[in-house]
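The sequence and structure come before them.

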Amino acid sequence: MKRILLAGAMDATSQTFVRQLSENNQLQLTVYTPSAVTLPQTVTALTEETLDEGGLTASMMDQDIVVALIPTIKLANTVTTLITAAQATGTSQVIVSRTDDIVELPGQIRDARRQLMTAHLNFDLVDGLAGVSTLLAVNPAPTAVFDPETSFPIEQMMS
């Protein structure tokens with residue numbers, strides 16, 4: 001079983017992502033968030049600030065993968081705390097995902113990447129939850145697949 005910590009603010013999209021991941025019985029999820037959110041009963045929920053180094057370090061204990069969901073404006077500061085906690089716990093893999101598409105702050109992205117590289121962590125810096133899903137090697141959302149030889153549902157309703 002893969003133990004995954006998701007740390008950061010949980011908007012509606014992130015909460016849906018967590019619910020979908022929780023349906024995978026090969027994953028054990030912990031969410032560390034400053035947001036008061038409702039999560040599935042199978043998910044361990046911890047409500048603390050992401051910049052709280054002690055709390056983040058404690059939540060990383062015994063986790064296989066840490067996924068940090070960070071808005072670009074807070075990227076460099078949060079990565080500093082994330083690195084300290086990951087090094088203290090010996091976390092083997094860190095995935096940092098920007099939760100927005102702000103491109104006007106290239107310094108934040110550059111600083112975060114430089115910090116992660118000099119920390120000598122096994123890390124990935126991605127944009128959005130699709131990148132996280134790919135790196136976790138899970139597909140959280142089952143998708144409908146249509147055979148090209150058959151009609152789509154809307155076409156079936158029209159005939």
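Q: At what angle do helix α1 (residues 12–22) and helix α5 (residues 128–136) pack, and how far apart are their axes?
A: The model is predicted, so local features need pLDDT of at least 70 and side-chain atom pairs count only at pLDDT 80 or more, while totals for chains, interfaces and linings use all residues. Residues are numbered from 1 along each chain as its sequence is written, and side-chain values use heavy atoms, without hydrogens and water. Helices are DSSP runs (H or I, at least four residues) numbered from the N terminus, and axes are lines fitted to C-alpha atoms over the stretch in contact, with angles from 0 to 180 degrees between N-to-C directions. For α1 and α5 the angle is about 20° and the axes are 11 Å apart.

Q: Are α1 and α5 roughly parallel or roughly antiparallel to each other?
A: Angles under 35 degrees count as roughly parallel, over 145 as roughly antiparallel, 65 to 115 as roughly perpendicular and the rest as oblique. The angle here is about 20°. Therefore α1 and α5 are roughly parallel.

Q: Which residues in α5 does α1 meet?
A: Contact means heavy atoms within 4.5 Å. From α1 the contact takes Thr 13, Ser 14, Phe 17 and Leu 21. Their partners in α5 are Leu 129, Val 132, Ser 133 and Leu 136.

Q: At what angle do α2 and α3 pack, and is α2 oblique or parallel to α3?
A: Helix α2 (residues 53–60) packs on α3 at about 45°, with the axes 9 Å apart. That angle makes α2, relative to α3, oblique.

Q: Which residues of α2 make the contact with α3?
A: On the α3 side are Thr 81, Leu 82, Thr 84, Ala 85, Ala 86, Ala 88 and Thr 89. On the α2 side are Glu 53, Leu 56, Thr 57 and Met 60.

Q: At what angle do the axes of α3 and α4 cross?
A: Helix α3 (residues 75–89) and helix α4 (residues 106–118) have axes that come within 8 Å. The two are roughly parallel because of their crossing angle, which is roughly 15°.

Q: What is the volume of the largest pocket?
A: A pocket is an open set of points on a 1 Å grid over the protein atoms alone, where a 1.4 Å probe fits, with protein on both sides within 12 Å along at least five of seven lines; lining residues have an atom within 4 Å of a point. Residues lining the largest pocket include Gly 8, Pro 34, Glu 49 and Lys 74. Grid points are joined across faces, edges and corners, and volume is the space filled by probe spheres set on the points. The value is about 160 Å³.
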